[in-house]
Amino acid sequence: MFSFTLPEISLATTIDKNPGILVAGLAETSDGDILVGLPDAVAAAASKTFGGDLIAMVKQLGGSTKNAKAVLLPLPGADKLVVVGLGPIDVSAEQVRRAVGAAVRLISGLPAAAPHKVTISLETAEPSLIKGAAEGALLASYRYGPTKADKPGIGELRLVGAGKKPEAKQALDLAVATATAVVQVRDWVNTPANLLYPETFAEAARALAKTYKLGVEVWDEKALEKEGFGGLTAVGAGSARKPRLVKLSYAPRGARFHLALVGKGITFDSGGLDLKTAEGMYTMKCDMAGAASVLAAVAGIAQLGLRIKVTAWAAMAENMPSGTAGRPSDILTMFNGMTVENYNTDAEGRLVLADALAKCSGESPDLVIDVATLTGACMVALGVNTAGLMARDDETADLVLDAAEAAGESFWQLPIPEDVAPKLESAVADTRSGGDRFGGALTAAAFLSKFVPEEIPWAHLDIAGPAFNDAAAHDYVPTGGTGMSVRTLMALAHARAN
Ligand code: BES
Ligand code: MN
Ligand code: ZN
């Protein structure tokens, strides 16, 4: 297993004698395009080399003001300059995150003898922009796999021009805790399923709990069966790798709000007897991204010492076909006593979540949020960059949408219409686990809803699209696990803490 360590990051008021590679911005204003954050001395040296008009040179090299378009300019001497488009000058935190991310990702791929030192010239004291820049830089430094000798990646990051206010340091601390949680999710998601399976995933969660001084409880397959977790038991039945339920708790003194986070932790989703195609199965090591997100988020919240009680529940199983596997049409008895007719063994996520949702509801939390790579239908509806959000009331939906907005993650609310109820009717059990192929994300949400009592506010995040990037890396988003949803969960905890 590979694990990524974030580079050092610090704030500085002036640019060092040895800045390494310098990052500056190119923005659009009503008076034309301007370079942001380029020190006079560097500008002078560059103009000399490139014959005057630096902006024209940047554009000739393919650069533009377009957000997150980055180009490299060789400067006289050893140092280099990266100019990245910011878009219009009144940038959002997410624009800064993307722009800085694109610049740092470009640098991270440059050959060198030693890890790169990067100086990012900011010229803003606005905490949300400092946080965005720091997160963009840290997240773009990420890589999974062995380090190549000739491409050593990022060694050190410096943010210059953020002022000296304590708010700047606070923004940096928030960014570091958030990025730490995000890269933890990426590492877990990228680890293949022969190495990360319920038992080893639960052990990794235990290790995380130890590092962040969290409470930890693990149910093994015997405990799950004995205590009536029929969903987890059925989904895990086909695999030699037995299921687990993990609970991590963070309960600081004086906390007034209890947030319960529930994650889908299918370490590999072959589909079970309703087997997926080779193509559909290839990326299914990502199917535990929800569980990874809730575990990493509670650790990040603890790292920040936020005054809010958070309990994370990770429902872990491997969905495999075999002589001991569950079958389509099996009737399962779930943790809350409800019986479920399993209409398709590839709809396994909702079964493990249902058990965990019912279990966590027993603690009467103030809010339950589940996170899951749940349906291909959600990807069809919203694409690969936007996650679905479903809730039973708009107040809860807005809470999540506001946190997502603050965190710079893209969520879109989908309904849970009344008229999906008949699809879940069963002649042989209390409910069926799904319906037809239309509106699959909504039907799944309607099913999950049955396992959280009506009086407990609940939101469901379907991250099937954005959790895993099987295309090329862009901005601060690498190929593979992305860690999407962690930033929103941490921002929500921040908003709800007292
Ligand atoms: N893990 C998949 C959903 C998924 C698909 C996640 C693609 C990420 C990328 C889930 O368990 C699944 O198989 N869902 C089925 C549900 C169907 C059987 C109702 C689907 O979406 O096809
Ligand atoms: Mn499935
Ligand atoms: Zn799945």
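Student: At roughly what angle do the axes of helix α3 (residues 93-108) and helix α4 (residues 127-140) cross?
Tutor: Take the helices as DSSP runs of H or I, at least four residues, with strands as E runs of at least two, numbered from the N terminus. Axes are lines fitted to C-alpha atoms over the stretch in contact, and angles between N-to-C directions run from 0 to 180 degrees. The axes of α3 and α4 come within 7 Å. They cross at roughly 30°.

Student: What pLDDT do local features need here?
Tutor: Residues are numbered from 1 along each chain as written, chains are lettered from A and ligands numbered from 1 in the order written, and side-chain values use heavy atoms, without hydrogens or water. This is a predicted model: totals for chains, interfaces and linings use all residues, side-chain atom pairs count only at pLDDT 80 or more, and local features need pLDDT of at least 70.

Student: How are α3 and α4 oriented to each other, and what is the handedness of their crossing?
Tutor: Angles under 35 degrees count as roughly parallel, over 145 as roughly antiparallel, 65 to 115 as roughly perpendicular and the rest as oblique. α3 and α4 are therefore roughly parallel to each other. A crossing is right-handed if the near helix is turned clockwise from the far one by less than a right angle, and left-handed if anticlockwise. α3 passes α4 in a crossing that is right-handed.

Student: How many residues in the contact of α3 with α4 are charged?
Tutor: Contact means heavy atoms within 4.5 Å. Arg97 and Arg105 are among the α3 residues that meet α4, whose side includes Lys131 and Glu135. Ala, Val, Leu, Ile, Met, Phe, Trp, Tyr, Cys and Pro count as nonpolar, Asp, Glu, Lys and Arg as charged, and the others, Gly among them, as polar. The contact divides into eight nonpolar, five polar and, for charged, four.

Student: How many nonpolar residues are in the contact of α4 with α5?
Tutor: α4 and helix α5 (residues 166-190) pack at about 35°, with axes 8 Å apart. The crossing is right-handed. The contact has one polar residue, four charged ones and, for nonpolar, 14.

Student: How far apart are the axes of α11 and α14?
Tutor: Helix α11 (residues 349-361) and helix α14 (residues 440-449) pack at about 30°. Their crossing is right-handed. Leu353 and Leu357 in α11 are among the residues meeting α14, whose side includes Phe447. The axes lie apart by 9 Å.

Student: How far does a polar side-chain atom of Lys264 lie from an oxygen atom of ligand 1?
Tutor: Ligand 1 is surrounded by 16 residues (a heavy atom within 4 Å). A polar contact is a pair of N or O atoms within 3.5 Å. Asp269 reaches an oxygen atom of ligand 1 at 2.9 Å, and Glu348 also at 2.9 Å. For Lys264 the value is 3.1 Å.

Student: What is the phi of Ser485?
Tutor: Most residues other than glycine have a negative phi. Ser329, in the loop between β11 and β12, has a positive phi near 85°. Ser485 lies in the loop between β20 and α15. Its phi is positive, about 105°.

Definitions and conventions. Polar contact = N/O pair within 3.5 Å; in protein donor to acceptor, adjacent residues only side chain to side chain.
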